[in-house]
Amino acid sequence: MPAAIESFREALRRHAPDFGIQLRESDIERLGGYYRLLLKWNPRLHLVAPCSAEEFATRHILESLLLLPHLTESARVTDIGSGAGLPIVPCLIVRNELRVTLIESSQKKAVFLREALRQFNHPEPPRLLVTRFEDAPAPAADFVTCRALDRFPTVLPKLIEWSPPASTLLFFGGPDLVKTIEGLVPSVQVELIAGSEQRFLIIAERSS
């Protein structure tokens with residue numbers, strides 16, 4: 001595991017500029033702690049598909065951190081289907097002033113999330129709700145994030161309707177998801193993700 005952690009850290013240093021991200025050594029150290037914890041739990045809970053340390057650094061961590069330029073200072077963020085903590089845990093590691101609610105329906109994945117959140121000292125501890133988003137009132141939020149959710153295209157209209165009025169939706173997906181969201185939300189922007197030809201960060205303004 002030590003070799004994997006060092007490879008992960010080195011991949012962050014090498015590839016962060018490709019994503020337009022600046023990381024301090026303290027950020028890289030804490031992100032390495034998160035990766036170490038995930039490697040420990042993943043064989044039991046199957047949180048993410050097996051991948052190399054470099055792929056985890058780029059495909060999962062740096063991609064998640066693309067949210068940061070869009071999140072205002074001390075933003076209230078609700079993350080749906082948090083699973084392994086992506087995208088919101090890496091964002092919390094780098095920006096501990098964020099006020100975050102995580103919603104995850106799997107009891108098993110929630111055990112990992114509680115452990116991950118305990119590793120980091122935040123002025124306002126994140127909230128974890130173990131439920132389906134449809135079964136919980138939407139927390140007050142400036143942003144709603146989601147990186148992966150079962151049956152996402154099917155659930156998407158419910159998620160948009162559930163989200164607080166005037167919130168900004170930050171999702172990840174391909175051209176088909178972009179088209180679906182454009183049919184549901186009046187204002188949509190997309191940013192092509194570094195190293196990809198058909199994967200985007202989707203920024204949608206929920207109408208008030």
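This is a predicted model: local features need pLDDT of at least 70, side-chain atom pairs count only at pLDDT 80 or more; totals for chains, interfaces and linings use all residues.
Biologist: Why are helix 2 and helix 5 called roughly antiparallel to each other?

Modeller: Helix 2, which covers residues 25-45, and helix 5, which covers residues 107-118, pack at an angle of about 160 degrees. Angles over 145 degrees count as roughly antiparallel, and therefore this pair of helices is given that name. Their axes are 11 Å apart, and helix 2 passes helix 5 in a right-handed crossing.

Biologist: Which residues make the contact of helix 2 and helix 5?

Modeller: On the side of helix 2 the contact is made by Tyr34, Leu37, Leu38, Trp41 and Leu45, and on the side of helix 5 by Lys108, Val111, Phe112, Glu115 and Ala116. Sorted by class, the residues of this contact are eight nonpolar, no polar and two charged.

Biologist: What makes helix 2 oblique to helix 3?

Modeller: Helix 2 and helix 3, the latter being residues 53-65, pack at an angle of about 120 degrees, with their axes 12 Å apart. The range for roughly perpendicular is 65 to 115 degrees and roughly antiparallel begins over 145 degrees, so an angle that falls between these ranges is counted as oblique. That is why helix 2 is called oblique to helix 3. The crossing of these two helices is right-handed.

Biologist: How many charged residues are there in the contact of helix 2 with helix 3?

Modeller: The contact is made by Leu31, Tyr34, Tyr35 and Leu38 of helix 2 together with Ala53, Phe56, Ile61 and Leu65 of helix 3. By class there are eight nonpolar residues, no polar ones and no charged ones.

Biologist: Let us turn to single residues. Is arginine 9 buried or exposed, and how do you know?

Modeller: Arginine 9, whose place is in helix 1 (residues 2-15), has a relative accessible area of 12%. Buried means under 20%, and therefore arginine 9 is called buried.

Biologist: What joins the side chains of arginine 9 and glutamate 29, and why does it carry that name?

Modeller: The two side chains are joined at 3.2 Å, and a pair of N or O atoms, one able to donate a hydrogen and the other to accept it, has to lie within 3.5 Å, so the pair is called a polar contact. Leaving aside residues up to four places away in sequence, arginine 9 touches Ile28, Glu29, Gly32 and Arg36.

Biologist: Where do serine 74 and alanine 166 lie, and what is phi in each of them?

Modeller: Serine 74 lies in the loop between helix 3 and strand 1, and its phi is near 60 degrees, a positive value in a residue other than glycine. Alanine 166 is found in the loop between helix 6 (152-162) and strand 5 (168-173), and phi of alanine 166 is near 70 degrees, again positive in a residue other than glycine.

Biologist: Which kind of peptide bond joins leucine 86 and proline 87?

Modeller: A cis peptide bond joins them, with omega at about 10 degrees. Proline 87 lies in the loop between strand 1 (76-80) and helix 4 (88-94).

Methods: Residues are numbered from 1 along each chain as its sequence is written. Side-chain values use heavy atoms; hydrogens and water are left out. Axes are lines fitted to C-alpha atoms, for helices over the stretch in contact, and angles run from 0 to 180 degrees between N-to-C directions. Helices (H or I, at least four residues) and strands (E, at least two) are DSSP runs, numbered from the N terminus. Angles under 35 degrees count as roughly parallel, over 145 as roughly antiparallel, 65 to 115 as roughly perpendicular and the rest as oblique. A crossing is left-handed if the near helix is turned anticlockwise from the far one by less than a right angle, and right-handed if clockwise. Contact means heavy atoms within 4.5 Å. Ala, Val, Leu, Ile, Met, Phe, Trp, Tyr, Cys and Pro count as nonpolar, Asp, Glu, Lys and Arg as charged, and the others, Gly among them, as polar. Buried means under 20% relative accessible area, exposed over 50%, partly exposed in between (1.4 Å probe, protein chains only).
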